[in-house]
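Trainee: Could you walk me through this one? I'd like to begin with a helix.
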Amino acid sequence: MAILPPTVRPLQPSPDSQIDFGASIEGIDLENLTDEQFTKIHDALYRHQVVVFKRQHKLSAKAQYELTKRFDPTADNYGHGKTIDAKRSILHPDLKTVPHQPQVQIIGNGFVESYEGLENFQLRHPHHRTFHKDHIPDEKDHDYTRFYRWHIDAALYDLNPPQVTTLLAVQVPKGRRQTLLYDDGSDETMDVPLGTTAFVSGERMFELLSPAEQEFVRTSKIEYAPHPYIWMSPAHSRSTGLGLHSEGLELPDSDLPPIDPKKIMILPMLWKNPVTGKLALQIHPSAVRRIHLADGSVIDDLSRVREIVYRLQRPGISPQYVYAHDWEEGDLVLFNNRGVLHSVVGAFRPEEVRLFRQCNLAASEPPMGP
């Protein structure tokens, strides 16, 4: 029987959507990936930003890691390094490490008896109440939800942002949807699948800016906070707008682990797509600390920094530009971590088990600016 060549099909958005990214790929055995097939995947990812492989129930953690690594062959450490071991990190409760493949993490919700060498462990799905100043009342929690925190997968201190993240849906609770409420006074809403992962395009975010704003982001850089996921600890910080920024109750430097100034990240606002050359507005909004301007001056008033970043990013996360993936068991989603932002979404009941595998690797090189 003839083996059909791999096929790449752009995702078909709903009539009310203006999404211009995303594709599905069929006809590739990811456990036995050839160089030619990977070239096809690489090209598709950077042209479509998010690619979906269906029916990957049997994909091993090793194959998932090896696929992720092929995008950056000299990278080998999990994207957040050892910072997730810090008990105060906002990430610490959300991740379990696959013992035999430590670059791969287990995330989700609910009690799991046994998986990938781990026994009797509890997963916690991030809930918007831990990060937002105003949260949905408990009695409405299963009908309504919010974006948790728009972000890029990146340590943003010492380690370069990963090129690509891979997410595999192992177990997915089904049967209900939620209404996502924007919490910035716009009264905008979205109907979303339970536990969706929401994506927006950094390229579209840049295209929506005025010419003056485009010049500003082309010539400015973001300085990120040291140890940002401890700095933004939910005990001290609450988002005040769609998980894009928070109200300025972060920890002072004196309460953080020792800071090495050489490890503080100052990155371009715009990151260049390595295949198309297009520019994406890529800012991790809740970790920003200062803006470095073209003339050498620095904006260091945190409230002003966040106001500027919010104004730049907010148009690109309007409902018509958000892709909310409707997860099915066996879905493997790859996304260009240097071209999209994403957010966890949803509120699960304790008995609703959601089991995913995630892999990303701290990159060997920093993002390329304009």
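Mentor: Two terms first: helices (H or I, at least four residues) and strands (E, at least two) are DSSP runs, numbered from the N terminus, and the expected span of a helix is 1.5 Å times one less than its number of residues. This is a predicted model, in which local features need pLDDT of at least 70, side-chain atom pairs count only at pLDDT 80 or more, and totals for chains, interfaces and linings use all residues. Residues are numbered from 1 along each chain as its sequence is written, and side-chain values use heavy atoms, with hydrogens and water left out.

Trainee: OK, how far apart are the end C-alpha atoms of α1?
Mentor: They are 20 Å apart, which agrees with the 20 Å that the 14 residues of helix α1 (residues 35-48) should span at 1.5 Å a residue.

Trainee: And which residues in it are buried?
Mentor: Taking buried as under 20% relative accessible area with a 1.4 Å probe, protein chains only, α1 has Gln37, Phe38, Ile41, Ala44, Leu45, Tyr46 and His48 buried.

Trainee: What comes just after α1?
Mentor: Gln49 does, and Gln49 takes a positive phi of about 75°.

Trainee: How many bridges join β16 and β17?
Mentor: Strand β16 (residues 288-292) pairs with β17 over two bridges, and Ile299 in β17 is the bridge partner of Ile291.

How values were computed
Buried means under 20% relative accessible area, exposed over 50%, partly exposed in between (1.4 Å probe, protein chains only). Two strands pair if DSSP finds at least two bridges between them.
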